[in-house]
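Here is a short briefing for a first look at this structure. Please keep the sequence and the model side by side as you read.

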Amino acid sequence: MGGAHTRRSFMETSCKGLAAAGMLGCAGIPVLTTQVRSGKIEVDLTGFPELQTPGKGIMVRAEGAEEPIILVALGEGNVRALSGVCTHLACAIRLTGGTLTCPCHGSTFSLEGAVTRGPAPEDLHEFPTQVSGQTVTITLD
């Protein structure tokens, strides 16, 4: 297949370009492009009003992280950091209508990362978070 591009590689390349430009990500939500420092990612909540509304979120792409992270608002100041990669075939997860979905094969996940419809075999990986004032710290493990 020489120089042929598959649909998946085209989408991955396009998504990375949009995220690097600071535009909306392929998940249809705002993207924070940052870096990992000492195994942690810090997110300033003041720049993301979406995280004040339960069911809304942002995509975090950090240089030094192995995968994108979806930071989801659960309400009352609680947030959850979940892998942005489906456990079925590693497609990019989207946050739409208060549900995490995989556009490749239809898997869905709750805002807590639990599989609600397959074929995904496992829940999304959750990263530990700590909220202090207007900063969320995500610990990579």
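The sulfur of Cys102 lies 3.8 Å from the closest cysteine sulfur, that of Cys86, which is too far for a bond. A disulfide here is a pair of cysteine sulfur atoms within 2.5 Å. The model is predicted, so local features need pLDDT of at least 70 and side-chain atom pairs count only at pLDDT 80 or more, while totals for chains, interfaces and linings use all residues. Residues are numbered from 1 along each chain as its sequence is written, and side-chain values use heavy atoms, with hydrogens and water left out.

**Cysteines**

- A search of the whole structure finds one disulfide.
- Cys91 and Cys104 form this disulfide, with their sulfur atoms 2.2 Å apart.
- The torsion about the S-S bond of Cys91 and Cys104 is about -110°, so the disulfide is left-handed.
- The pair links distant parts of the chain, 13 residues apart. Cys91 sits in the loop between strand E5 (78-83) and E6. Cys104 sits in the loop between E7 and strand E8 (108-109).
- Cys91 is buried, at a relative accessible area of 3%. Buried means under 20% relative accessible area, exposed means over 50%, and partly exposed is in between (1.4 Å probe, protein chains only).
- Cys104 counts as partly exposed, at 36% relative accessibility.
- Cys86 is in no disulfide. Cys86 is buried, with a relative accessible area of 4%.
- Cys102 also counts as buried, at 4% relative accessibility.

**The chain as a whole**

- The protein chain has one helix and twelve strands. Helices (H or I, at least four residues) and strands (E, at least two) are DSSP runs, numbered from the N terminus.
- From the N terminus on, the elements run α-β-β-β-β-β-β-β-β-β-β-β-β.
- Of the 141 residues in the protein chain, 35% are buried.
- The accessible surface of the protein chain is about 7800 Å², and 52% of this surface belongs to carbon and sulfur atoms. Accessible areas come from the Shrake-Rupley method with a 1.4 Å probe; for residues, only the protein chains shown count as cover.
- Among contacts between residues at least 6 apart in sequence, 43% join residues at least 24 apart. Contact means heavy atoms within 4.5 Å.

**The open sheet E6 to E9**

- Four strands form an open sheet in the order E6-E7-E8-E9, with antiparallel pairing. Two strands pair if DSSP finds at least two bridges between them.
- The edge strands are E6 (94-96) and E9 (115-117), and each pairs on one side only.
- E6 and strand E7 (residues 99-101) pair in the antiparallel sense over three bridges. Thr96 has Thr99 in E7 as its bridge partner.
- Ser110 belongs to the loop between E8 and E9. Ser110 counts as buried, at 18% relative accessibility.
- Leaving aside residues up to four places away in sequence, Ser110 touches Leu100 and Thr116.

- Strand E3 (residues 57-63) is mostly covered, with five of its seven residues buried.
- Strand E1 (residues 31-35) pairs with E3 in the parallel sense over five bridges. The bridge partner of Leu32 in E3 is Val60.
- Thr33 lies in E1. Thr33 counts as partly exposed, at 46% relative accessibility.
- Thr33 and Met59 are 26 residues apart in sequence, and their C-alpha atoms are 8.5 Å apart in space.
- E3 also pairs with strand E4 (residues 69-75), in the antiparallel sense over four bridges. Met59 stands opposite Ile70 in E4.
- The hairpin of E3 and E4 has five residues between the strands, and Gly64 takes a positive phi near 105° there.
- E4 and E5 pair in the antiparallel sense over six bridges. Val72 has Arg80 in E5 as its bridge partner.
- The hairpin of E4 and E5 has two residues between the strands, and Glu76 takes a positive phi near 55° there.
- E5 pairs with strand E10 (residues 126-127) in the antiparallel sense over two bridges. Ala81 stands opposite Phe127 in E10.
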